[in-house]
Amino acid sequence: RTVYVNGAYLPETEAVVSVFDRGFLMADAVYEVTSVLGGRLIDFAGHCARLERSLAELDMRKPACFDALLDIHRELVARNGLEDGLIYLQVTRGSPGDRDFVFPDPDATEPTVVLFTQSKPGLADSAQAKTGLKVISVEDIRWGRRDIKTVQLLYPSMGKMMAKKAGADDAWLVEDGCVTEGTSNNAYIVLNGRIVTRALGADILHGITRAAVLRFAREAQMEVEERSFTIAEAQGADEAFVTSASAFVMPVVEIDGVTLGDGAPGPVARRLREIYIDESLKTAV
Ligand code: PMP
């Protein structure tokens, strides 16, 4: 693979970042994941806008290459011959010469920028979308600024491992009795045809896929209710699903061992998946 690091395109084995990088030492970094279908970027403008917001919320400087990010993404797609897959982008506060809790002077320390591709042939017609996911619930003990897309992914990673150990695919995080989101996706239930998902706030990531899916749902005259829901309510729902840039719309068929409906992906999730992929391909760049 050819990867991008601080202005250079290099073989992955030659790309290096300092041991003093604050992304490595302190998770002082933000990221984005953009999906690629047929060599084109899905929802790129949305990911770029959220990156800008994440940087601003952390008083992190915009990297010099910020306005060239689309070109860099395209260059990586071309150099790696990427058809279907993902592009991972990370920006850290940089690599001052030592470890220190105090932020380095932004004029003296360049942000570190790393991008790499992940090939996922057949991303849009994943086998999992046909069977659906099993999820378990785990307590949400993450920090209070989940609207900022930081690389603090240890707890979500542990949540996913707890799910795997329990024979499930993913975990839904629960705070004060209600589902916040999945480990790496936004969570939804469907009640009498109405789509219910938690309202935006500091307690969840403002999913780029969430925004698009809710817009397409409303355009298709589907009812959307942005409010919190419990695991018990989800277990009694007609269907459930999650959304993310890497999984698009993915049905959920089991929650803490309780099967939803007949155990197959529901019609609303299946339809939204189709609409999302069709519509976002129209604006892919
Ligand atoms: N919530 C969390 C915690 C996530 O990590 C992600 C994906 N990175 C999402 C939601 C979905 O966001 P998006 O649709 O922008 O990928």
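The ligand is surrounded by 13 residues, the closest being Leu205, Gly207, Ile208, Thr209 and Ala245; a residue is taken as near a molecule if its C-beta atom, placed from the backbone, lies within 6 Å of it. Two elements give two or more residues each to this shell, helix H6 (208-219) and strand E13 (239-244). Helices (H or I, at least four residues) and strands (E, at least two) are DSSP runs, numbered from the N terminus. H6 supplies the largest share of the shell, 3 residues. Sorted by class, the shell holds 4 nonpolar, 7 polar and 2 charged residues. Here Ala, Val, Leu, Ile, Met, Phe, Trp, Tyr, Cys and Pro count as nonpolar, Asp, Glu, Lys and Arg as charged, and the others, Gly among them, as polar.

The model is predicted, so local features need pLDDT of at least 70 and side-chain atom pairs count only at pLDDT 80 or more, while totals for chains, interfaces and linings use all residues. Residues are numbered from 1 along each chain as its sequence is written.

The C-alpha trace spans about 55 × 40 × 35 Å along its principal axes. The radius of gyration is 19 Å, which agrees with the value near 19 Å for a compact globule of 285 residues; it is taken over C-alpha atoms, and the globule rule is 2.2 Å times the number of residues to the power 0.38. Buried residues account for 40% of the 285 residues. A residue is called buried if 20 or more other C-beta atoms lie within 10 Å of its own, exposed if 12 or fewer, and partly exposed in between, with C-beta atoms placed from the backbone. Of the contacts between residues at least 6 apart in sequence, 71% join residues at least 24 apart, a contact being two residues whose C-beta atoms, placed from the backbone, lie within 7 Å.

An open sheet is built from 6 strands in the order E2-E1-E6-E5-E3-E4, with antiparallel pairing; two strands pair if DSSP finds at least two bridges between them. At its edges lie strand E2 (8-11) and strand E4 (40-41), each of which pairs on one side only. Helix H3 (residues 69-79) packs on this sheet and touches strand E1 (2-5), E2, E3, E4, E5 and strand E6 (112-119). The direction of H3 makes about 160° with that of E1, where axes are lines fitted to C-alpha atoms, for helices over the stretch in contact, and angles run from 0 to 180 degrees between N-to-C directions. Within the sheet, strand E3 (residues 29-37) and strand E5 (residues 85-92) run antiparallel and are joined by 8 bridges. Ser35 has Leu86 as its bridge partner in E5.

Several individual residues also deserve a look. Asn6, in the loop between E1 and E2, has a positive phi of about 45° although it is not a glycine. Asn6 counts as partly exposed because it has 18 C-beta neighbours inside 10 Å. Phe248, in strand E14 (residues 248-255), likewise has a positive phi, of about 60°, without being a glycine. Phe248 is buried, with 26 other C-beta atoms within 10 Å. As background, most residues other than glycine have a negative phi.

Arg194 belongs to strand E11 (residues 194-197) and counts as partly exposed, with 15 C-beta neighbours inside 10 Å. Leaving aside residues up to four places away in sequence, Arg194 touches Glu223 and Glu225. Val16 lies 178 residues from Arg194 in sequence and 49 Å from Arg194 in space, C-alpha to C-alpha.
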